[in-house]
Amino acid sequence: MKLNVNGADVEVGDEYAASPLLWVLRDVLSLRGTKYGCGIGYCAACTVLIDGRNTKSCQTPAGRAVGQAITTVEGASGPVVDAVRDAWYRGNVVQCGYCQPGQTLAAVALLEADRSPDDATAARWMNGNLCRCGTYPRIREAINQAAETLAEGRVPEPLDSATELETQPLTAEELADPVHPYIRVHPDGTVVAYSNQIEMGQGAHTGLATIVAEELDANIASIRVVNAANGASPKGDVYGTPAGGGFIQLTGASTSTQGYWERYRLVAAQARARLVAAAAEAWHVPAEEIAVDSGTLTHASGERAGFGELAARAERLPVPDGVRPKEPGAYKLIGREGRLRVDTPGKILGTTRFTIDVTLPGMVTAVVLHSPKFGATPSSIDDGAALAEPGVTAVIPIEEGIAVVGDTFDAAQRGLRALRVDWDETNAELRTSEELLAEHLRLLESGEQAVTARKDGDVEPALANAAHLVDVVYELPYLAHAPMEPNNAVCRMGEDGVLEVWAGTEGPEYTRMSASAAAGIDKDRVRVHVPYAGGSFGLHSTSGHDPTSEAVQVARALEWKYPVKLQSLREEEFKSGRYRAMAVHRVRAGSDKEGRVTAFHQRIAAQPTSVALPFVSDVLFVDGVDFMTTSGAVDPPYTLPTFKLETVTVQTGVPVMVWRSVGNSHTEFARESAIDELATAAGRDPVDFRRGLLADNPRTLRALELAAEHSGWVTPLPENRARGVACSSFLSHSAQVTEISLDSRGRVRIERVTFVLDCGITVNPDLIRTQVEGGLIYGLSAAAWGESVLGDGGQIVTQNFDRYPIMRMQSVPRIDVVLIDSQEPPTGVGEVSVPTAAPALTNAIAALTGTRIRRLPINKTIRVI
Ligand code: FES
Ligand code: FES
């Protein structure tokens with residue numbers, strides 16, 4: 001069979017005629033820019049152009065494309081392509097980047113068909129392309145920009161991307177140096193920053209590049225950032241996350257900027273001081289007389305040198321004493337608008353290597369069939385039909401299920417589907433979601449095992465004397481992370497007995513633990529590489545029973561003869577669980593006759609999350625109180641005259657894990673809904689009601705005032721529209737106003753969101769806005785439609801995007817992000833807009849319809865479009 005791919009004819013074996021074009025492109029032709037997201041036609045990550053039409057390659061048998069021109073992201077070119085890519089780059093569209101080859105090709109097809117599409121046309125056209133990072137508002141704008149470029153006849157420079165750098169293990173000498181584990185200046189003037197924070201789409205690499213360039217006085221274009229790992233040493237992990245105590249490398253809790261703010265500013269300042277010392281030594285002049293600007297050192301005598309020329313000499317010198325980072329008044333880059341992401345070009349061009357793209361000589365691909373119910377184990381396996389599938393080479397039972405090994409993903413997947421397995425359900429979770437919810441509610445109501453997490457004053461007399469009272473229960477379902485790149489890992493045992501692992505992990509040290517346990521070798525013999533992650537949102541925080549463990553078990557069973565890529569099917573990723581825990585809350589709250597809050601009693605019943613994470617579980621789950629379950633409830637932004645928080649531990653067989661914004665994703669829904677209900681009961685305006693509770697929290701109060709101002713809170717709306725508000729002091733200080741409308745069929749449309757954030761110094765303002773936008777869309781998706789369902793007998797029903805809807809382009813509201821000017825140290829950004837997304841929306845629905853949504857997702861009660 002002859003395919004025409006990117007303008008060239010290529011011969012492909014006839015045996016691939018029925019295989020999805022996606023896998024022929026990826027595994028047979030090694031064109032890995034085209035991505036796998038769902039395999040069922042629901043995400044369009046696999047978009048290619050066939051005779052110019054945007055087409056889902058996972059739904060196209062390769063044989064059907066014979067005789068047509070196939071264009072992948074690698075081969076796309078021309079003025080429309082350049083205009084789209086330029087607009088994407090300049091608009092800071094990209095986050096994790098995994099969906100973007102598909103998004104850009106779809107936009108190219110749109111603009112080839114219609115040179116000036118309006119927003120509604122563009123939204124309809126792009127509606128098939130999912131983006132879990134929520135880049136839709138930027139895509140909308142980039143399409144407009146590209147159309148403008150084409151209309152004006154401008155010819156942008158084609159984008160180019162640098163080759164990805166490989167990280168090498170640190171030598172003892174490098175480990176001992178104060179600068180080298182973090183920053184290396186190369187002879188060609190390139191500055192490589194080794195990021196202790198993993199880039200998963202949140203922009204951590206760009207923040208780090210900005211900080212390093214600022215303190216080095218380097219040209220920011222010379223900075224390359226790579227994910228660091230393997231920093232463990234007898235003295236601790238040099239990449240240990242400062243915000244987490246520094247003993248282990250973790251990316252999470254929105255602490256990336258916080259995590260490197262102190263360390264990398266100092267280290268870059270030290271690197272600069274050492275370069276200056278080297279110049280002073282070489283030129284025989286005082287160091288104080290040397291100026292540094294944009295990667296060049298100069299002296300009034302006429303001496304001049306680039307960083308690269310002095311790098312080797314500088315490395316031999318000690319770091320001068322007393323080096324301090326700059327004062328904020330001296331910043332030239334930090335806090336400035338206009339920064340473009342450093343990781344964008346490769347993600348647009350399809351050259352960025354995600355774990356799914358890692359390829360090693362002689363590698364085999366494995367997929368794992370997991371049990372259809374949590375906790376079930378195989379009782380009998382008939383692998384005859386699976387092994388008879390062409391390209392399937394082995395079937396291997398492992399701890400997590402049954403691995404099928406093949407030459408390609410397509411072969412392994414066919415083998416998986418041919419497996420016949422009986423499952424032993426002795427230890428399985430057999431309850432449906434409804435039954436699990438009923439159990440949560442029973443424990444909540446009975447108060448059995450309720451543990452007090454915080455108590456200020458006595459709520460009971462205050463409740464008894466309240467003029468206005470609410471006593472309500474809120475219910476939140478299991479949620480999946482569903483990043484666009486399903487969870488994958490690659491491993492290879494070297495001849496030197498070192499096991500190398502590639503995984504887009506949030507915790508490289510967790511990955512080492514997982515790999516060493518599965519391999520039965522010491523951790524010191526495991527080396528971790530961290531490719532870019534196609535999203536994560538907490539999913540890649542695991543340390544066992546993860547794809548790394550699965551890959552290593554397979555490789556070990558194959559006696560280490562082959563490198564193994566463990567590639568998750570989307571369905572299997574859902575079946576691995578690690579959901580945001582189901583949670584129920586009862587809130588009893590009262591106010592006096594003037595409408596001032598007098599009592600707030602919140603009780604939570606949920607399965608603890610902290611226990612899923614090694615090291616931290618002992619400190620975060622103490623005396624029956626789980627920090628990750630109570631976060632946001634135990635530390636409300638408001639001053640409440642009497643306050644009591646209780647928590648009830650629920651045990652289920654469903655694996656749970658941190659999920660973007662962790663406990664705040666449910667605790668703040670309960671709190672902000674209840675505060676609204678109390679305001680309504682007292683006849684008070686919801687903004688004014690909150691204002692009265694924020695007197696001791698001026699930063700959140702200011703966010704609230706600005707949100708009211710920018711959203712036009714006091715401006716009357718037409719009859720079919722309403723607004724809802726919510727506040728938060730989760731990681732930073734924020735307030736959100738959501739405006740909705742109701743259509744003639746009673747369906748809710750989210751029209752506009754105003755989000756005001758005080759996150760201290762804004763290192764890169766536009767990247768903060770992108771994170772807020774993405775967090776809002778993530779939170780709104782969950783609020784409107786999100787639910788992972790267990791059906792009859794505990795069957796895992798939700799297995800792909802057909803049953804787990806993600807917000808699409810046509811539902812995306814206008815989003816206005818307002819950043820408050822601040823000189824406070826930077827605080828979290830990546831998760832801050834998730835918790836208020838649901839309550840601001842349901843508060844608006846209550847204001848418009850009188851219907852109070854106390855059970856999520858909202859779609860169960862009112863349709864959201
Ligand atoms: S539509 Fe093809 S991978 Fe999702
Ligand atoms: S940028 Fe679209 S899924 Fe991450």
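## A partly exposed tryptophan

Let's start with Trp560, which is partly exposed because 18 other C-beta atoms lie within 10 Å, while a residue needs 20 or more to be called buried. Please keep in mind as you read that this is a predicted model.

Where does Trp560 sit? Look in the loop between helix H16 (547-557) and strand E24 (564-567). The backbone of Trp560 is worth a look too: phi is near 60°, a positive value in a residue other than glycine. Most residues other than glycine have a negative phi.

## The helix before that loop

Now step back to H16. You can find the buried residues in your model: Pro547, Thr548, Ser549, Glu550, Ala551, Val552, Gln553, Val554 and Ala555.

After H16 comes Glu559, and here phi is positive as well, near 55°.

## A helix with one buried face

Helix H4 covers residues 119-126, and its buried residues are Ala122, Trp125 and Met126. If you look down the axis of H4, these buried residues fall within an arc of 85°, so they line one face of the helix.

What do the buried residues of H4 pack against? Their partners are helix H3 (100-113) and helix H5 (136-152).

Asn6 is not a glycine, yet its phi is positive, at about 50°. With 19 other C-beta atoms within 10 Å, Asn6 counts as partly exposed, because the cut-off for a buried residue is 20 or more.

Further along, Pro857 is found in the segment after helix H24 (837-849). The peptide bond that leads from Leu856 to Pro857 is cis, with omega near 0°. Most peptide bonds are trans.

## The whole chain

Finally, zoom out. The domain assignment gives domain 1 (2-71), domain 2 (79-152) and domain 3 (172-346). Two further domains are each written as a pair of segments: domain 4 (355-427 + 487-567) and domain 5 (433-479 + 579-860).

How many Å separate the centres of domain 1 and domain 5? Taken over C-alpha atoms, the separation is 43 Å.

Conventions
Residues are numbered from 1 along each chain as its sequence is written. Chains are lettered from A and ligands numbered from 1 in the order in which they are written. This is a predicted model: local features need pLDDT of at least 70, side-chain atom pairs count only at pLDDT 80 or more; totals for chains, interfaces and linings use all residues. Domain bounds come from an automatic or database domain assignment. Helices (H or I, at least four residues) and strands (E, at least two) are DSSP runs, numbered from the N terminus. A residue is buried if 20 or more other C-beta atoms lie within 10 Å of its own, exposed if 12 or fewer, and partly exposed in between; C-beta atoms are placed from the backbone. The arc is that of the directions from the helix axis to the C-beta atoms. Two residues are in contact if their C-beta atoms, placed from the backbone, lie within 7 Å.
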